[in-house]
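Let me bring up the structure and jot down what I look up.

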Amino acid sequence: MNKVLFFAHLRDEAGVESAEIEAAGKTVAQLKEIVAETYKLGKLDSAMAAINEEFAPNEEVIQEGDVIAFIPPVSGG
Amino acid sequence: MSTRYSRQTLFPPIGKEGQEKISSKHVLIIGAGALGSGNAEVMTRAGVGKLTIIDRDYVEASNLQRQQLYTEQDVADKLPKAAAAEKRLRTINSDVEIVALIGDATPEKLAELAEGVDLILDSTDNFETRMAINDIAQKYKIPWIYGACVASFGMSFTVIPGVTPCLNCLLKTVPIQGLTCDTGGIIGPAVQMAIAHQTAEALKILVEDWEAVRASFVSFDLWRNQYTSMKMGRAKDPGCLSCGEHPEYPYLSAENMTKTTVLCGRDTVQIRPPHSEGVDLSDMAARLKALGYEVKGNPYLLSAEMDENRFVLFQDGRALIHGTKDLAQAKSIYNRLLG
Ligand SMILES: [Zn+2]
């Protein structure tokens with residue numbers, strides 16, 4: 001099992017702060033698709049992903065027990 | 001005023017030596033909105049040698065809640081932000097050489113401004129300009145500090161050419177339709193938190209305490225009490241076109257820039273973003289309605305109107321801003337709504 005954390009406006013859109021998803025063996029890009037579908041999130045493509053608090057590229061393969069965070073880049077200033 | 005910087009020089013990592021370094025450095029701030037006014041005030045009070053700040057906008061009443069350099073009088077006078085910032089900063093510290101420029105931070109302008117600059121503080125409201133800053137910083141080997149905030153959250157990351165990954169390594173493309181302060185709102189503390197992160201890094205860089213520079217990407221939500229630090233050790237992309245082995249600085253080239261054109265005889269500016277991923281029109285319509293716009297639309301476009309503001313947004317991200325012939329003003333309206 002994997003824990004997925006949502007930050008910033010993704011959290012508002014998902015309606016939850018975190019979710020439990022079976023993601024071992026999947027890439028970050030695949031997980032983004034699944035999560036976007038499940039939680040009806042429109043903007044995950046440009047969100048950055050961290051696995052266990054470390055930046056993870058889209059090709060990275062998720063391991064059992066990894067904690068994945070999605071952090072959307074913010075443009076305001 | 002010999003005691004002017006005493007509390008800062010008493011802080012051991014700065015000291016007298018650090019203060020001398022600070023006063024010999026030139027900081028460039030891109031944008032004079034919420035982050036720009038805060039960053040500029042901290043840098044001016046800290047006693048940088050020279051501060052250059054550029055902005056294309058003017059002061060409005062809705063800025064006063066968080067943009068700390070501006071006053072009701074500036075709103076009444078419709079002063080450009082750069083001019084109002086300069087006026088205030090000069091009264092804060094007359095030792096600092098302040099250069100304020102009213103205009104658009106295009107890649108050409110950034111290249112011109114980069115000369116002799118020791119540090120760039122990002123205070124813009126859009127990723128197109130940030131990607132151009134990122135490329136300029138790599139090309140001229142100048143450290144820069146990304147900072148952004150919206151609603152109750154914000155983030156910051158320090159880019160040191162040749163050492164850290166760059167913004168292009170992280171994002172790969174220009175994200176469109178992020179929340180902006182004009183659509184998602186913003187509270188003052190989120191601005192201040194982003195400024196605190198940017199200016200603390202700025203001081204470390206100005207005194208050349210490279211070991212102290214934060215290597216992680218920090219993001220926070222002050223309302224939900226979240227704070228996260230993302231390690232960036234593996235983020236550097238050797239094939240990155242901005243910081244990799246064969247850089248091409250893609251965001252300095254014309255094809256990656258938003259095209260703005262005045263439509264003849266129509267008092268309208270067309271804005272066309274490059275490589276747009278497309279816009280979710282129904283989502284955008286809901287946001288605009290919440291802001292008080294009257295919105296009409298079909299699957300291909302939406303048209304929005306409020307007071308003298310009227311614009312049409314197409315699904316591909318293209319927009320027609322009506323009632324103006326001013327390119328910078330039209331672009332500013334566009335970025336405020338779409339980021
Ligand atoms: Zn890079």
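Predicted model: local features only at pLDDT ≥ 70, side-chain atom pairs only at ≥ 80, totals over all residues.

I started with the neighbours of Gln19(B): leaving out residues up to four places away in sequence, I found that it touches Tyr5(B), Gln8(B), Thr9(B), Ile14(B), Ala46(B) and Gly47(B). Gln19(B) sits in helix H2 of chain B, which covers residues 15-22. Is Gln19(B) buried or exposed? I looked up a relative accessible area of 7% for Gln19(B), so it goes down as buried, because the cut-off for buried is under 20%.

Next entry, the metal. Which residues hold the zinc ion? I wrote down Cys166(B), Cys169(B), Cys240(B) and Cys243(B), each coordinating through its SG atom, at 2.2 to 2.3 Å. I then checked the angles among the four donor atoms and got 95 to 121°, and the site is tetrahedral. Along the sequence, the donor residues follow the spacing C-x2-C-x70-C-x2-C.

Then I turned to an annotation. UniProt, in an unreviewed entry, gives residues 144-163 of chain B as "transmembrane region". What does the model have in residues 144-163 of chain B, helix or strand? I got 0% helix and 70% strand for that span, and its end C-alpha atoms lie 12 Å apart. I'm keeping in mind that annotations like this may be inferred rather than shown by experiment.

On to the domains. Chain B splits into domain 1 (6-256) and domain 2 (260-338). Going by C-alpha atoms, I have their centres 27 Å apart. How many residues of domain 1 of chain B are in contact with domain 2 of chain B? I noted 18 on the domain 1 side, meeting 20 residues of domain 2. Between the two domains about 1800 Å² is buried, with carbon and sulfur atoms giving 47% of it.

Last entry, the chain partner. I found 38 residues of chain B in contact with 25 residues of chain A. The area buried between these chains is about 2700 Å², and 58% of that comes from carbon and sulfur atoms. Which residues of chain B lose the most area to chain A? My answer is Gln226(B), Met230(B) and Arg234(B), together 24% of what the chain B side buries.

Key
Residues numbered from 1 in each chain as written. Chains lettered and ligands numbered in written order. Heavy atoms only, no water. Donors = N, O, S within 2.8 Å, 3.2 Å for Na, K, Ca; no water. Tetrahedral: all angles 85-135°; square planar, octahedral: opposite > 155°, others 65-115°. Helix = DSSP H or I, 4+ residues; strand = E, 2+ residues; numbered from the N terminus. Domains from an automatic or database assignment. Contact = heavy atoms within 4.5 Å. Buried area = accessible area lost by both parts, 1.4 Å probe. Buried < 20%, exposed > 50% of the residue type's maximum accessible area, 1.4 Å probe, protein only.
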